[in-house]
Amino acid sequence: MLWWDVAAYAVLALTVLSLLLAGSRGRALAVQLVCVAVIALAYALVGARAARTRDRARALAYLAVVVVATTGAVTQGDVAVSLLFMAFAHAWMLTDSLRDGIVVVTALVVGTTLGIWGSAGWEDAALAQAAPQMGVTFVFVVALGLWVAFTMRQSEENARLVDRLRAAQAELAATQHAAGVVAERERLAREIHDTLAQGFTSVVMQAQAAGAALDRGDDGSVRERLATMETTARDNLAEARGLVAAFAPVPLQGATLTDALRRLAGRWAAETGARATVSADDVGALEPAEEVVLLRAAQEALANVRRHAGAASVRVTLRGGGGRPVELDVIDDGRGIDDDVAEGFGLRGMRERVTAGGGSLDVGPREDGGTAVHVRLPARSAS
């Protein structure tokens with residue numbers, strides 16, 4: 001619509017310039033300038049808004065002003081017919097039906113013809129000269145309008161086809177995503193069967209063998225079995241870290257995120273002897289994927305505090321959800337983190353998980369000591 005605005009005001013400005021250069025003076029020039037000003041004001045207040053909102057009442061009101069003002073300007077001199085360049089274009093652009101467009105074009109042609117006739121003193125010769133010219137103009141403008149309407153209908157049909165194509169592409173993408181999820185779960189099932197399940201079977205067998213050796217009093221065999229169990233368990237732990245779980249975390253099964261955070265903080269406090277508080281009173285509905293991201297982020301943040309901060313207290317704050325952005329803060333009073341410290345595996349994994357969820361992660365030292373971890377996920381529709 002910006003170019004429509006530019007074109008409209010350009011035609012009005014050129015019309016004013018033509019009137020000034022044509023030698024109009026006195027009352028005639030004043031009337032013509034007033035008519036042009038009325039059209040400009042009507043377009044600024046009504047026409048431009050009607051073009052953007054497709055409000056039929058506003059459009060017809062604006063076009064009525066254009067018809068009257070154009071007719072009034074032409075009665076003072078035929079130079080004002082240059083207004084028809086804009087008037088005809090707006091007649092077809094602002095009307096949603098062929099009938100309305102033809103009615104407005106007819107009114108413009110009749111009004112202009114009468115204006116030219118009146119400016120010539122109502123002489124028959126002037127009417128005989130103006131009528132054929134305006135008749136040809138009418139035929140041309142109506143034909144142009146019909147062509148524009150046909151083109152617009154074709155464009156709308158093409159737009160509908162494009163929308164259907166995009167919907168089909170989205171459906172195909174969703175199907176491919178679902179197939180990918182199923183394939184990934186099958187891969188994980190195979191990996192678990194071939195690694196963890198086999199390893200745990202070995203651990204069970206070694207434990208049974210160690211128990212039997214203990215009953216016989218064979219301490220050497222017990223130590224050997226225990227060493228084998230430790231090696232197998234370490235290998236299984238390395239395998240487990242290389243797998244990505246396709247299910248909800250155990251703390252979230254049958255519980256809310258708030259409950260899971262409180263249990264996590266309580267266990268962390270019991271293990272470290274430090275104080276941990278959780279504030280999550282005003283939390284709206286969250287999607288399962290958001291809960292997983294936030295819980296994993298809190299787990300990693302608390303683990304980092306335990307390993308590196310030497311903190312006496314930690315505060316976990318959760319807010320948002322229910323259609324609002326979700327924010328998680330984990331703040332400790334420990335020794336703080338250096339700005340130039342390299343991110344480890346855990347922090348990189350937390351950042352990747354948050355970024356994959358469309359959110360952002362900020363980790364840095366606090367002014368009064370300690371480290372602040374801030375996770376923000378974008379607003380989503382409430383479940």
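**View 1. Helix 3 and helix 5 pack against each other in the predicted model.** Two packed helices are described by the angle between their axes and the distance between the axes. Here the axes of helix 3, which covers residues 56-74, and helix 5, which covers residues 98-119, come within 7 Å and cross at roughly 15°. Angles under 35 degrees count as roughly parallel, and helix 3 and helix 5 are therefore roughly parallel to each other. The crossing of helix 3 and helix 5 is right-handed. On the side of helix 3, the contact is made by Arg 56, Leu 63, Val 66, Val 67, Thr 70, Thr 71 and Val 74, while helix 5 contributes Arg 99, Asp 100, Val 104, Ala 107, Leu 108, Gly 111, Thr 112, Gly 115, Ile 116 and Ser 119.

**View 2. Gln 32 is placed in helix 2.** This helix spans residues 26-53, and Gln 32 within it has a relative accessibility of 0%, so that it counts as buried. The side chain of Gln 32 reaches the backbone oxygen of Ala 73 at a distance of 3.3 Å.

**View 3. Arg 54 lies in the loop between helix 2 and helix 3.** The phi angle of Arg 54 is near 60°, which is a positive value in a residue other than glycine.

Key:
Residues numbered from 1 in each chain as written. Predicted model: local features only at pLDDT ≥ 70, side-chain atom pairs only at ≥ 80, totals over all residues. Heavy atoms only, no water. Axes fitted to C-alpha atoms, helices over the stretch in contact; angles between N-to-C directions. Helix = DSSP H or I, 4+ residues; strand = E, 2+ residues; numbered from the N terminus. Parallel < 35°, antiparallel > 145°, perpendicular 65-115°, else oblique. Left-handed = near helix turned anticlockwise from the far one by under 90°. Contact = heavy atoms within 4.5 Å. Buried < 20%, exposed > 50% of the residue type's maximum accessible area, 1.4 Å probe, protein only. Polar contact = N/O pair within 3.5 Å; in protein donor to acceptor, adjacent residues only side chain to side chain.
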